[in-house]
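Student: I have a new model open on my screen and would like to learn how to read it. Could you walk me through it, one feature at a time?

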Amino acid sequence: MTAIIAARSRNNVIGRNGMIPWRIKGEQKQFRELTTGNTVIMGRRTYEEIGHPLPDRMNIIVSGTMVLDGENIVSARSLGEALEKAEKYAPGRDIYIAGGYGLFREALPIADKLFLTEVDIVIDDGDTFFPEFDRDDYILTVGETVGGDISYTRTCYTRKK
Ligand SMILES: NC(=O)c1ccc[n+]([C@@H]2O[C@H](COP(=O)([O-])OP(=O)(O)OC[C@H]3O[C@@H](n4cnc5c(N)ncnc54)[C@H](OP(=O)(O)O)[C@@H]3O)[C@@H](O)[C@H]2O)c1
């Protein structure tokens with residue numbers, strides 16, 4: 001299974017100044033649970049924001065400039081090469097595309113599922129957005145809403161057969 005995993009604001013923002021523009025305690029739990037034991041593919045800027053390979057999963061960083069080759073991290077020069085390396089280094093594991101914008105857009109046609117966390121906030125000065133997609137291509141499942149200073153709702157879009 002190949003999935004996209006992202007969190008976006010009410011106005012579709014995913015990033016600002018190289019960072020995620022909100023911090024919500026516990027919000028990243030789903031990301032950790034889904035991706036642990038599997039493979040995460042991310043762009044070079046997203047990787048630099050995190051600053052280290054995520055533990056207990058294969059990390060594949062897409063970059064034309066950075067070369068990485070470690071115990072649980074490798075670089076790839078394209079999404080296609082990243083998908084090939086996912087099968088080589090973690091055969092049969094689920095693959096999660098974790099951003100940013102370009103990889104989300106490129107992966108939309110091949111992703112079976114989109115795990116989108118809808119964050120109840122409007123970010124006026126965002127600079128990175130989740131790409132447009134056709135909702136009619138998917139079945140939407142709405143999961144839990146978690147309250148707090150900033151509430152959020154889990155959703156999953158599953159591609160229609
Ligand atoms: N809210 C969320 O769920 C979420 C998730 C992820 C990221 N973000 C946010 O999004 C922002 C970062 O995203 P971004 O879109 O600016 O950058 P990004 O996709 O993380 O990184 C862009 C870089 O990745 C490499 N890359 C991406 N696609 C490639 C391709 N097809 N072929 C070769 N190289 C490719 C290039 O690296 P080189 O320049 O090295 O060639 C490119 O400059 C940050 O603000 C981050 O916090 C939010």
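This is a predicted model: local features need pLDDT of at least 70, side-chain atom pairs count only at pLDDT 80 or more; totals for chains, interfaces and linings use all residues.

Tutor: Happy to! N12 lies in the loop that links strand 1 (2–8) to strand 2 (13–15).

Student: What is the phi of N12, and is it positive or negative?

Tutor: The general idea comes first: most residues other than glycine have a negative phi, and most peptide bonds are trans. N12 is not a glycine, yet it has a positive phi of about 75 degrees. D56 is another such case, a residue other than glycine with a positive phi near 60 degrees. D56 sits in the loop between helix 2 (44–50) and strand 4 (58–62).

Student: Is D56 buried or exposed?

Tutor: Here you count C-beta neighbours. D56 has 11 other C-beta atoms within 10 Å, so it is exposed. N12 has 14 inside 10 Å and therefore counts as partly exposed. Across the protein chain, 31% of the 161 residues count as buried.

Student: And which peptide bond is cis?

Tutor: Look at the bond from G99 to G100: it is cis, with omega near 5 degrees. G100 belongs to the loop between strand 6 (95–97) and helix 4 (101–107).

Student: Let's zoom out. How many helices and strands are there in the protein chain?

Tutor: The protein chain has four helices and ten strands. Along the sequence they follow the pattern β-β-α-β-α-β-β-α-β-α-β-β-β-β.

Student: How do the strands come together?

Tutor: In general, strands of a sheet pair through backbone hydrogen bonds, either parallel or antiparallel. In this model, eight strands form an open sheet with mixed pairing, in the order 5-4-3-6-1-7-10-9. Its edges are strand 5 (73–76) and strand 9 (138–146), each of which pairs on one side only. Ignoring direction, neighbouring strands of the sheet are turned by 20 degrees against each other on average.

Student: Which strands does helix 3 lie across?

Tutor: Helix 3 (residues 79–89) lies across strand 3 (39–43), strand 4, strand 5 and strand 6, and runs at about 165 degrees to strand 4.

Student: Last one: how do I judge the overall fold?

Tutor: Compare the radius of gyration with the globule rule. For 161 residues, a compact globule would have a value near 15 Å, and the protein chain agrees because its own value is 15 Å. Its C-alpha atoms fill a box of roughly 40 × 35 × 25 Å along the principal axes.

Conventions: Residues are numbered from 1 along each chain as its sequence is written. Helices (H or I, at least four residues) and strands (E, at least two) are DSSP runs, numbered from the N terminus. A residue is buried if 20 or more other C-beta atoms lie within 10 Å of its own, exposed if 12 or fewer, and partly exposed in between; C-beta atoms are placed from the backbone. The radius of gyration is taken over C-alpha atoms; the globule rule is 2.2 Å times the number of residues to the power 0.38. Two strands pair if DSSP finds at least two bridges between them. Axes are lines fitted to C-alpha atoms, for helices over the stretch in contact, and angles run from 0 to 180 degrees between N-to-C directions. Two residues are in contact if their C-beta atoms, placed from the backbone, lie within 7 Å.
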